[in-house]
Amino acid sequence: MAIEEKNAQGGIHGRKIELLIRDDENSPEVAGKRVHELAALGVEAIIGPNVSSIAGGMLPAIVETSIVTISPTVSSLFFVGKDDPFFRMNSSTRQNAGAYAANHYAKGGRRVSAAFGIQNRLFTESWLKEFQTAFEALGGAVVATAPYDAKGADGYAAVVAPLLAVNPDAILLVSNGVDTAQIAQQFRKAGSNIKLIAAEWAASEQLIELGGKAVEGVTILQTYDRDSVVPAYTQFRDTYIGQFTNRPGYSSIASYDAAMVLFAALERSYAEKGLSLKEAIFAVVPVKGLQQDLTFDRFGDGARKKFFVTVKNGTFVGE
Amino acid sequence: MIFRRERRLRTSLIFLLASTTLVTLAIVGTGILVVRLPQIVTANQTLVDRAAEETASRIEVFLKGLEERVALVAQTAYDVPDARVGSMLDAARGDAFEALYLVNKVGTVVAISVGNVSAKRSREMVGIDLSNSKLVRAVAEKKNVVWSDKFLSAVTGIVTIGVAIPIERFGGVVIAELPLATLLKISHIARGAEGLEFWIIDGHGEVVADTGLPSASGFNLRNNPVVKAGLAQNPVAERMTFKSREYQSAASFSRALGWLFVSRIPAGLENRRIRETVGLILIAFIASPLIGLILAPFWARGMTEALAPVIQRARMIASGAPPGAWPRGNVVEFNQLTSDLEAMSKSLQQRQLELRDLNEGLEARVEQRTQDLAIANDELTETLSTLNRAQGELVHSEKMAALGRLVAGVAHELNTPIGIGRMAVSTMRDAVFQLEKRMKTGLRKSDLTNTIEHLLSGSDMAEKNMIRAADLISSFKQVAVDRTTSNRRRFQLLEIVDEIILTLTPIIKQKSIRVDREIPKDIILESYPGDLGQVLTNLIDNAIKHGFDKRDNGVIRISAAPLSKNVIRLTISDDGHGMTKGVIDKIFDPFFTTKRGCGGTGLGMHVTYNAVVSILGGAITVSSTPDEGSVFQIDLPLIGPNRNIA
């Protein structure tokens, strides 16, 4: 959408932007290969990936080919503080998990059990560790953790009982929207009404669609304000709904923001000879995003605003 | 001039073959392209139109079949004992569906059959809440069969499509989920032509299946003009651009599914048939001249080999050798050429014989003519020597004539002193007679005194005139000697000029012509005074005869001045009629005269020229303007050249 809009305005210095889409097939190895393929095609920059484990597969190829890559959502600490062509729009897991810990502790939560998916382990384990550190620092405790494999034979139900058994005041679910919805279904099916907290990765409309009543009351952090009335955002949201019939999720917003940063940097690097795209990004930030100013520290790590929401009657409601 | 480059026959033939093939191919190729390309485009359009329809109906039929299967489950699900529902679902799912499940009216899964998951996982799905599922909601709303758009399955967690059929009696829903790959497979079957690709697009514009780019499914094509028009059930454009490539496209909308089937085939050179047609023509265009180039030398060699003996015989004729038997080949024109050459050769031989005869006769005639010419030449040589002799004689007689004139002049000059002398002598004789008479009658003293007086004056006068005559003779004698002997001696130029003027006095006085001379006394030459005199006489004579012709007066000017240490310039000019250029050019030629028939011999000036150049060793030039006069300039060395007198 961002590219269509930009091209409609005449492109960058008269040059049209071409979008090449490659599927990482949810495999870090494939993703690394795709980077080399794109490099061979002469792309100037990559927007993506959305998942930390994929980013882990891509990073060596990114460093090798020096293709500037802007991930809208990747937040794993693994990528934080590295001087490479890999930029992250999102806050790090430490920042987010820290916010979760503080939020739950403030609501009186002290004992938390956690289930984490092993599909994107790089992210989930790191996230959980950061949460644990922050939560314990506040005086809380992670009383049980259980990994689960969405593709495994055991199903999700296997993790439910052990996590409930230690008498927690909340269950922390660290996985994507689909898995979070399904594991939430299993908690409710088991008859438990325990407070569910979902890591920000699951903060999509799918969570509600697939989770149904099971995800009612789930607390989750969103990196944007669903109810924002900032014109840039509302305009984007309306166009998005017109085109895709759904509301834009956090990854759509972050992707759009990433494209904004990239276009501004491309414009600068075309205008200024000898300025690499990476240097151009540092030169143009802060760039105005849909809801916030977009900027990076010297390692290319960004930060997003944080909004805690709760699912109520099939929709996210701000706390 | 047009420069024509010579080429061998072989080269010409190769060029001919290659260019003919190329031109033919260019014309035929263009024709084929003009006719064939639109045909291909039309055929392609028909193909994509039909393909869209066919795929739509094929998939519709296929999905209808599946739908009926699910409908059967929906009708019977509540009639089957609970324990057997699971196995019934498993049987109904078969390989066709990824998941088949029953959802009750509050949105809870009550029975499920899922492929590719563990039994445990399958079991735990029973009881989950799907009240927010779009498909469940859509059925609840429509109370009719709903084919979903692409959606994320709540049970399998993958993107899928599904059909939901309401269970009327109990208000539940049977949902069957279909792997996207199934649609792709069916679409692939319908592909047929190379390059023909399909999109199956759901109501949101999401690509459900793409036979062209399997990894790119997930595209949203709502903004593609063809998709936009197709989803709105409007006629779609036959052309579209997708990812910078041109396609011919068609779309068919399935009302039952709410999906759009778009078929596309690359347009232009991207299209295989067009590319092949163009490629074939290009290959023919490149290959034909190449084949021509390979074959042409053989063909050309055949031609040149047929021509070679003919050329060889033509050469033999040219070099005069007998050509021998003439070859015959299988090319009509070559045989004609051979026949013509043979005839030509025979006629040449005939001519040659005739020429030889003619030549022999010619030699005899040339000899005869040579002899005649030799005789004529001898005669001419003799005539010429006679003429030379005659010319010499004429020159001599001219000189004699001049001498004659000189004598006449001398005689005329002598006449006066001698006449006066005679008269003085006769006066004296008369005085003596008177004295004798007186002596008879009585002589008086006065008579004697008178007689003495008379005698004294008479003798004085006689003596003076005799001396004068003697001087004249002596000077004329010198002139005559000079003229006849031609000896080199020292002389004063002024003296010679005066003598010549003197000798010419009779003719000068005849016309009261004035002769002015301006010659320094100190010019002394050691040369040939006779010849110089001759030159002066001729020039003055010429001036009087021609320059003052029919005129009674005029001025002749003679001047001299040193030109250098050893050379003087003598100038004789007149103010007479002058001469035309034609006359000046020929003036020194022998026998040239403007007074032929009036006594002119035409040798005077020739003699003058010879005398100046050959004897005096000088040079003479003439310039003249008609009606203004003529000027002769004679440059003379002070010392004349030696003459070897044989």
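Author: A salt bridge is a side-chain nitrogen of Lys or Arg within 4 Å of a carboxyl oxygen of Asp or Glu. This is a predicted model, in which local features need pLDDT of at least 70, side-chain atom pairs count only at pLDDT 80 or more, and totals for chains, interfaces and linings use all residues. Residues are numbered from 1 along each chain as its sequence is written, chains are lettered from A and ligands numbered from 1 in the order written, and side-chain values use heavy atoms, without hydrogens and water.

Reader: What makes A:R22 and A:E37 a salt bridge?

Author: The closest N and O atoms of A:R22 and A:E37 are 3.9 Å apart, which is within 4 Å, so the pair counts. A:R22 sits in the loop between helix 1 and helix 2 (28-40) of chain A and A:E37 in helix 2, 15 residues apart. Helices (H or I, at least four residues) and strands (E, at least two) are DSSP runs, numbered from the N terminus. A:R22 and A:E37 also join A:R34 in a network of salt bridges.

Reader: Why is A:R22 called partly exposed?

Author: Buried means under 20% relative accessible area, exposed over 50%, and partly exposed in between (1.4 Å probe, protein chains only). A:R22 has 35%, and A:E37 has 33%, so both are partly exposed.

Reader: What makes A:D83 exposed or buried?

Author: A:D83 is at 58% relative accessibility, so A:D83 counts as exposed. A:D83 forms a salt bridge with A:K278, at 2.8 Å between the closest N and O atoms. A:D83 is in the loop between strand 2 (68-71) and strand 3 (86-88), and A:K278 is in helix 11 (residues 277-284), 195 residues apart. A:K278 is partly exposed, at 22%.

Reader: How many salt bridges cross the interface of chain A and chain B?

Author: The rule finds one. A:K213 pairs with B:D129, and the closest N and O atoms are 3.5 Å apart. On the side of chain A that touches chain B, the elements giving two or more residues are helix 7 (177-189), helix 8 (205-211) and helix 9 (231-244). Over all chains the count is 32 salt bridges.

Reader: How many residues take part in the contact?

Author: Contact means heavy atoms within 4.5 Å. Chain A gives 30 residues and chain B gives 31 residues.

Reader: How do you know that B:A229 is buried or exposed?

Author: Its relative accessible area is 16%, so B:A229 is buried. B:A229 is in helix 6 (residues 225-231) of chain B. Not counting residues up to four places away in sequence, B:A229 touches B:N234, B:P235 and B:V236. B:A229 and B:A251 are 22 residues apart in sequence and 9.0 Å apart in space, C-alpha to C-alpha.

Reader: Why is B:I286 called exposed?

Author: B:I286 has 52% relative accessibility, so B:I286 counts as exposed. B:I286 is in helix 7 (residues 272-319) of chain B.
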